[in-house]
Amino acid sequence: MAKHHISTTINGEPVEFLCETQQTLLDVLRDELGLTGSKEGCASGDCGACSVTVDGRLVCSCLVLGVEAEGHSVETIEGMADGENLHPLQQKFLEEAALQCGICTPGFLIAAKSLLEKNNNPTETEVRYWLAGNLCRCTGYDKIIRSVLDVAADMRSA
Amino acid sequence: MRKESPPDNNTARADLIDKVTGGAVYASDIRVPRMAHGRILRSAVPHARITRLDVTEASALDGVVTILTGEDMATLAQIHWGLFLNDRPVIAIDKVRYVGEPVALVVAETLEIAEAALDLIDIDYEHLPFVDTAAAAIAPDAPVLHDVHDAIADFYFTGQAKPVAGTNIFQKFGVSTGDATAAECDAAHIFEHTYTFPGVSHFALEPHSVVAAFEGDDLTVWSGAQSPTAVQKVLSRVFGIAVANIRIIVPFVGGGFGGKASVKIEPLVVAAARKAGRPVRVTLTLAESMLTCRRLGATMTLHTSLDKTGKILSKRATILLDGGAYADTGPAVAAKAAHRIIGPYDIANLEIEAKAVYTNTVPGAAFRSIGGPQAVWATESQMDEIADAMGIDPVELRRRNLLPRGGEILDTLRPLDADIGDMIGRADQAIMNLGDGAAAGIAVAATDPGILPLGGALVRVLVDGSIIVMSNSVDIGQGVRTVLREVVAKMLNQNPNSIQIANPDTSTTPFDWGTGASRSTVIMGLAVEDAARDASDQILALASSVFDGAPNDLRLVPGGVAHGDEFLPFQDVYHRAFGVDSGEVVGRAMVTPTRDGSDFKKSPLFWETAVGACDVDVDQEIGTLSVTRYVGVADVGHAINPSGAEGQEEGAAVQGLGHALFERLDYVDGQPVNATPIAYRVPAIGDIAKRAHTVLIENGDGPGPMGAKGMGEGGILPVAPAIANALARRYGIRIRDLPLTPERIWRALRKRGDDAT
Ligand code: FES
Ligand code: FES
């Protein structure tokens, strides 16, 4: 079967790739484009380890087909830091031990960034709701919640 | 000579930065040239003889490289492998023993082709009677899963399993002191209760992933393995390859918790690579990882006698563990459960028997504090039941029986090195600080980590002052790299940022037993400390030939060596000593049971202790329970990486919350009905207590560097019984079976209502 030719933007750069119909966006990112920062946990939309944004909307890339990326703009963890400068969420996560094994971390960071872009003053409950689709088996979540709230406060006062 | 120079700053926590930028390479990210992809056909039946396995059509599919089946096993040096019993074939041969057991492995050019080929494999079974509970497995007429018990001694843990011939029992372990029966005759009260703890999944978010590649006789394996040298040893036996020709590389590991300890899918993937004649990668799905291993379920009956003042006179316990289809490290789990069910109490008369049995279910394996959560669930639930029945406050009942620091839980074990009474006091205080008064439920625990003090390390001080630490301790998220870096930085008086911790790689790095049982901070911590001391001695000896001074006038300072206020960078020391502007110093060390200055003869090396205190709220209409406040207390000796240590305790507590409220691998007719990430519920962010606090006690009295004890397992122990005790206190219902599901709570509330009217 012929592969599909897809034109898209990834982390601000125009990217073209070939993919099979059934390949997910996550497969394409990891296997075709070598962007392995997005992780595959469950492959069924239950863990959020594969979180990316498509045109600014937070999605599980394991539930999006590669072909659906045609003409859209995808942001992944690899695009979160500005060169050598970590995003404040990245900085806070590593300072506050909001990560342990780190396999869930790219997903949490992408999801948290997307929250703060929509709401720079979230309550703890709002943080919990927004991150409800991201599982972490290591940290116990508390340090993740604190980090997101702290970064929100820092960004507001900046 | 120059003045002291500022240290370089080039490798600042590179591993952590990689984890937040997506740059960290995990086992599942490994790709090697010419790699083919494997998918596994798994048994759909619990117990059967394979009567036909036809791969002709599947093999003919374009892009299929090869298909591994039981027929290929004849050429192995050793067909069955294990950690205590050689009971597990590399892939099913003639027989399957649980739903999920690998029966064929398709290797293909792409995953999609491998997947498609699975559907073309023809397999017929002759069904055999099966057992999917431990109770059924020990019934007199139960089908026996394994005809022979090939027990091997001191293979991975010290000791040997004691299977019972002709039965499903693969381990029997007893503890007996004093005379429990006689003590019961003098007792004022005797309580007997039975508690159950189900099999639960590790649910590490990164599934098992292995790449295996042969180059001539040399085998390289990339695996998310917690015990690289155990993998190496088993592969050596199974494939008849010298240990030196097997290289195990462990990248970052996306969660382990014991589920990637010892050996898991590595022999299978290596067999496929050998047959395929090219590198093979197998990355399981999370659902497949759930069919690979789990915590052993347990049924525990406690028979406890007390005098009229509430002093415990005796305890008898029977522990029946569901070990699944293959023993794995189940024999050690049984032995530990028998110790861990005693609790930190002064009990003169004990009669404990633990049995682990084969069932036609997912193999049991190590999981954070082996046997601990099961045993502590029973013991600490019963303490509250006894207190309630005798009209004594539950904390007071514990205080009447607690061992002091230095007391002996068993006279064969090291005396207790923590003050549990003080820990309870701190838990009380901390929960009061969260507001709304005292805790509704508490539980305490003391467990004996099964640590083998055997592990080595190298510390290489390079010419420019950068340092590489080579250790086989695996970064599974516990922060071992940060700890080792701190230890070396301190010993060599160098900036932590100049120190890199290399990935575990058996070809370059000394033996270490493995990463688990809370041992790395202590054992690997001491190994790198000793290796750093060795490096320091060598550097100072070199420097003494350069400076006009004896080694003891010299000292290491960041970037080099100082003599008075003179400073010489490492580079200049090496240059003058070696005659060339190059070279390095290699410090080495091997920690063994006879290490100088350590008392490793008695087990455990330290006690892992925990107190949990909580309050709960139940929606009585629907039975859902939420934990409103939670405090965990741990005695860690010294927290080398404080926020990391706190994170370990918090993470452990939330796993305990999952075990308490949600988790159970369910079997119906031999079928695992919820072994998928959709159906199996682990704690999500909304489930954790809104108000929580962790207290770390640091007295610097542990055997590790700077007085550290191992940690990271204790926090899981008290959670379930603390919650059940709070539920009993607040709502008057006692539930003895985990998890505390809404249905169980709702039914208990209804029953309580009926009793009341
Ligand atoms: S991998 Fe996409 S949600 Fe889990
Ligand atoms: S840090 Fe391991 S799953 Fe979140």
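**Close-up views of chains A and B in a predicted model**

**View 1. Salt bridges link chain B and chain A across their interface.** The rule finds 6 salt bridges there, a salt bridge being a side-chain nitrogen of Lys or Arg within 4 Å of a carboxyl oxygen of Asp or Glu. In one salt bridge, the side chains of Lys143(A) and Glu650(B) meet at 3.5 Å, N to O. The model is predicted: local features need pLDDT of at least 70, side-chain atom pairs count only at pLDDT 80 or more, and totals for chains, interfaces and linings use all residues. Residues are numbered from 1 along each chain as its sequence is written, chains are lettered from A and ligands numbered from 1 in the order in which they are written, and side-chain values use heavy atoms, with hydrogens and water left out.

**View 2. The side of chain B that touches chain A includes residues of helix 1 and helix 16.** Helix 1 (14-21) and helix 16 (642-661) of chain B each supply at least two residues of this side; helices (H or I, at least four residues) and strands (E, at least two) are DSSP runs, numbered from the N terminus. Helix 16 of chain B gives the most, with 10 residues.

**View 3. Chain B and chain A bury about 3,800 Å² between them.** Of this buried area (the accessible area, with a 1.4 Å probe, that two parts lose on being put together, summed over both), 57% is on carbon and sulfur atoms. Val20(B), Leu205(B) and Ile685(B) supply 22% of the area that chain B buries against chain A, more than any other three residues. Contact (heavy atoms within 4.5 Å) joins 48 residues of chain B with 47 residues of chain A.

**View 4. Lys39(A) lies in a loop of chain A.** This loop is between helix 1 (25-32) and strand 3 (51-54) of chain A. Lys39(A) has 2% relative accessibility and so counts as buried (under 20% relative accessible area; exposed is over 50%, partly exposed in between; 1.4 Å probe, protein chains only). Leaving aside neighbours within four places in sequence, the residues in contact with Lys39(A) include Arg30(A), Cys50(A), Tyr26(B) and Asp29(B). The C-alpha atoms of Lys39(A) and Ser61(A), 22 residues apart along the chain, are separated by 9.4 Å.

**View 5. Helix 3 of chain A is largely enclosed by the rest of the structure, because 11 of its 14 residues are buried.** Among the buried residues of helix 3 of chain A are Pro106(A), Phe108(A), Ile110(A) and Leu116(A).
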